[in-house]
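Morning, everyone. Let me put the structure up.

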Amino acid sequence: MLKRFLSLAIVFVLGFALVGSVAAQGGGKLEIFSWWAGDEGPALEALIKLYNQKHTGVEVINATVTGGAGVAARAVLKTRMLGGNPPDSFQVHAGQELTGTWVVANRMEPLTELFRSEGWLDKFPKDLIDLITYNGEIWTVPVNIHRSNVMWYVPAKLQEWGVEVPKTWDEFLAVCPKLKDRGVTPLAMGENWTAVHLFENVLLAQLGVEGYRNLFAGKLSWEDGSVKAAWALFDKILNCTNPDAASLSWQQANDLVIEGKAAFYVMGDWAAGYMTTTKGLKPGEGYGYAPSPGTAGVFNMLSDSFGLPKGAPNRENALNWLRLVGSVEGQDTFNPLKGSIPARIDADVKNPNLYNSYLQSAAADFASNALVGSLMHGAAAPEAFLNDFQTVVSVFIATRDVDLAASASQALAEATAVR
Amino acid sequence: MRLNIDRITALAVLAPSVILLAIFVYGFIGQTFYIATTNWQGLGAVEISSVGLQNFERLFAGSGLPFFRFREALVNTVVFTVLFIAACLSLGLFLAILLDQRIRAETLFRTIFLFPMALSFVVTGTVWRWLFSPRSGLNTLPTLFGGAPLPPDQWAWFTDRRQLVTFTWADASRIVVILIILGLFAFAAIAALRRRPVQALIAGMIGLSLVGWFFLGGAFETLGNVVRPAHGVNLAMFSIVIAATWQMSGYTMAMYLAALRGIPEELREAARVDGCNELQVYRYVVLPLLQPITLSAMIILGHISLKIFDLIYVMAGGDNLRVDVPGIHMYLTAFRGNNFALGAAIAVIMLLLVAFVIVPYLINAFRTEVKR
C-alpha cells in the first residue's frame with residue numbers, strides 16, 4: 001500500500017510533467033513509448049504511418065522521452081509502470097533488460113500465442129528466440145538487430161599510415177606504438193558507456209563464444225583467470241585510446257576516425273548509419289568495417305523490441321501494433337531508415353534499394369555466425385548488474401586494478417543474478 | 001486564542017498549502033526514510049521487508065565498488081562545496097568592492113556579472129563542456145597567438161583522472177571522528193569557561209564516550225576498514241568548480257554590493273578620521289559589517305553545492321567517477337539500477353547533509369524574528 005502510494009507520487013512528479021498524453025483510456029488510441037527521436041525518429045514515424053494505413057481511425061500517440069541513450073526514458077517508464085499507468089507498448093532491448101526488469105516482475109504478457117498464430121516461431125533465428133524466452137514463454141517482438149562487435153576505420157588513411165586491419169588484439173597492440181609515433185590515436189573511445197562497449201568485445205575476444213555465454217549464464221566465475229586476462233588486456237588497450245575519452249559522445253569519438261585523428265573505433269553498427277546518413281560516406285569506400293579483433297565468426301547482437309505490458313489500456317490496438325512490428329513489411333519499413341537489419345530471417349535484405357552494402361554484409365553474418373548477446377545494450381545481463389558494472393569499469397579506468405575489478409564483478413554477478 | 005473570523009479565514013487560506021506540503025514534502029520525506037530501511041529492489045509486486053540500517057552501513061563501510069563509488073561521491077561533494085563556496089565568496093566580494101568604487105557604467109557591469117545566474121545549470125554545463133573539451137575548447141586558445149594548443153593529456157579538465165591528495169576511507173573516517181572529539185572537548189572547555197556546567201558536562205561526556213568507543217572499543221581499527229582504492233582531491237573537480245563559480249559568483253556579488261551600499265558613509269568617514277588607511281577601513285569596518293551576508297550566501301551556496309546534479313550530469317556525464325556526486329549516484333542507482341532502497345538511503349544522507357547546513361540557519365533566523 002505504502003509502495004503504491006509512493007509510486008503514484010513519482011508518477012505525479014515525473015509522468016505528468018513529461019508525458020502529457022497519460023491516461024489515454026478507451027477507444028481508438030495506441031500509445032507507443034520509446035527513446036527514438038532525432039536521427040532515429042523517422043524510422044519509428046514510418047512504422048506508425050504504416051500502422052495508420054492499416055488501422056485507420058486509431059490515434060497513435062508517439063510518447064518519446066529523449067536523453068542519456070535511453071536512460072531517461074527507462075526512468076520515466078519505470079515510474080509509469082509502478083504507478084499502474086503503462087503505455088500500450090514500449091521499446092525495450094531484447095534479453096535481460098526485458099527479462100530481468102519486467103518479466104520477473106510479472107508486468108508483461110506472454111506473447112507465445114501471438115508468435116504461434118502469426119507463424120513466427122521459425123521466422124526468427126533460434127538464438128534470438130532463446131534470448132526472448134523465459135520460463136518457456138516468449139515475451140517480446142524483436143524489430144531489428146544491431147551488431148556490437150564492429151571495428152570501424154577509414155581505408156585510405158590506413159593505406160597512408162601503412163597499417164593493416166588487426167585481426168587480433170595482439171596485432172592491434174603491435175601497431176599501437178607505430179600509430180602513436182605518427183601522432184595518431186590508435187583507438188578512439190568516448191564517454192564511459194563506450195568503454196563498457198569496448199570491454200564487452202575485448203571480453204568476447206578473450207573468452208570466445210562458449211566462455212562468454214558461460215560467464216553470463218553464471219557457469220564461469222568473473223574471478224577466473226581468463227576473465228582477469230581480459231581485464232589485463234583491456235588495460236593495455238586503454239593505453240592506446242585518447243586521453244580525453246570522457247569528454248566525447250560516441251559520435252564525436254567516431255569523428256576522430258573520420259577526420260584521421262584516430263585509426264580504429266569499436267562501436268555498434270549504428271555508427272554505419274551515422275557515417276552513411278549524417279556524414280555522407282559510402283560504406284566500404286568512405287569507411288571500412290571488420291569484426292572487432294578476435295571476434296571473427298561471432299555476431300555480438302542487440303535487438304530493439306516491443307512488448308505488451310499487463311494492463312495496457314488499448315490491448316487490441318497494441319496486439320495489432322506487435323503484428324505489424326513483427327511482419328516482413330514492418331521490418332523492411334523500419335530497418336532501412338534506422339540503419340539496422342531485420343530480425344526476421346525471411347525479410348528482403350538482399351534488396352539494394354533498401355539495404356546498403358554494410359547492412360547486407362551484416363545480414364549475411366547474422367545468418368551464418370554464432371550469436372551472443374551484448375552486455376552494454378541490455379541483452380546479456382540485467383539492468384541491476386549493468387548499472388553497477390558501469391561503476392566497475394569507471395573505477396578500472398581510473399585505477400587499472402585487475403583483481404579489484406574481477407572480485408567486484410563477481411560480487412555483482414552474485415548479487416544481481418536472474419535465474 | 002479565540003476563534004474569530006480573522007483566524008478562521010487565515011486557517012482556511014493556509015490549509016491547502018499546509019496539507020499539500022504535509023503530504024508531498026514531509027510525507028514523502030518520511031516515505032523515503034522508510035524505503036531506505038528496506039530491501040526494495042526491482043519493479044515486481046514482491047513484498048519488501050525491513051533490513052534496518054543495513055543500507056547505510058553498506059554505503060559507509062561496504063566493500064563493493066558501488067559503495068566505494070558513494071564514498072568517492074561524498075568526498076567529491078565536500079571538496080566541491082569548500083572550493084565552490086570559497087571561490088564564490090571571494091570573487092563575489094572582489095567584484096562588489098570594485099563596483100562599489102562608483103565607476104562609470106556600473107549598471108552595465110552589474111548586469112554582465114549577474115547574467116549567468118539567469119541561465120540554468122544545464123545550459124552552463126553544456127557551454128563549459130565545450131569550453132573544457134580537451135581537444136577543442138580552451139586548450140586551443142594559444143593557437144590564436146600562434147602558439148601550440150595545450151596537450152590534452154596534461155590539460156584534461158573534467159576528464160582528468162589525477163588526484164592531488166590521496167587518502168583511504170579509513171583515514172578519512174578516523175580524521176572525522178578525531179575532529180568531532182576535539183570539537184566536543186573544545187565546546188566543553190568554552191562552556192566551562194562561560195560557567196555553563198550542564199552544557200560542559202554533556203559535551204564532555206559525549207566526547208569521553210566517543211574516545212572510549214573509538215580507541216578502547218577497537219573502532220579505530222575497524223572503522224571504515226575498506227582499503228582500496230584511495231580517495232582524494234580530484235583535479236577534475238576544479239573544472240566543475242570553475243563552471244559553478246562562473247554562474248553563481250554574480251549572485252554573491254549582488255548580495256555584497258547591496259550590503260556595501262547599506263553601510264553608511266559616516267562610518268567610513270569616522271574610521272578615516274581616526275587614521276585608518278583604505279585597507280584598514282575595509283579590514284576593521286566594512287568586512288565585519290558584511291558578516292551576516294557572508295553567512296546567508298554560504299547557506300544558499302552550500303545547499304546548492306550539496307545537492308548538485310544537473311551541472312555535472314550535463315558537463316561530465318553520469319559515470320565519470322572523478323566528478324561523481326551523491327545526486328547522480330542516487331539517480332542511477334534508483335532509476336537505472338532499480339535499487340530503490342539503496343537510492344533512498346543515498347537521498348536520506350543528502351537530506352541530512354543539507355539539514356546540517358540549513359537547520360541551524362533556520363533556527364537562528366527564527367530566533368531573530370521572535371526577538372523583533
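I'll take the chain contact, then a helix pair, then the domains.

This is a predicted model, where local features need pLDDT of at least 70, side-chain atom pairs count only at pLDDT 80 or more, and totals for chains, interfaces and linings use all residues. Residues are numbered from 1 along each chain as its sequence is written, with chains lettered from A and ligands numbered from 1 in the order in which they are written.

Contact here means C-beta atoms, placed from the backbone, within 7 Å. Helices are DSSP runs (H or I, at least four residues), numbered from the N terminus.

Now the helix pair. In chain A, the axes of H9 (residues 192-216) and H10 (residues 225-238) come within 8 Å and cross at roughly 165°. Axes are lines fitted to C-alpha atoms over the stretch in contact, with angles from 0 to 180 degrees between N-to-C directions. So H9(A) is roughly antiparallel to H10(A) (an angle over 145 degrees). Residues that meet include A:Phe199 and A:Leu203 from H9(A), and A:Leu233 and A:Phe234 from H10(A).

Last, chain B. Its domain 1 is 54-168 + 238-371, and domain 2 is 169-225; the bounds come from an automatic or database assignment. Their C-alpha centres lie 30 Å apart. Five residues of domain 1 of chain B contact five of domain 2.

Key:
Contact = placed C-beta atoms within 7 Å. Helix = DSSP H or I, 4+ residues; strand = E, 2+ residues; numbered from the N terminus. Parallel < 35°, antiparallel > 145°, perpendicular 65-115°, else oblique.
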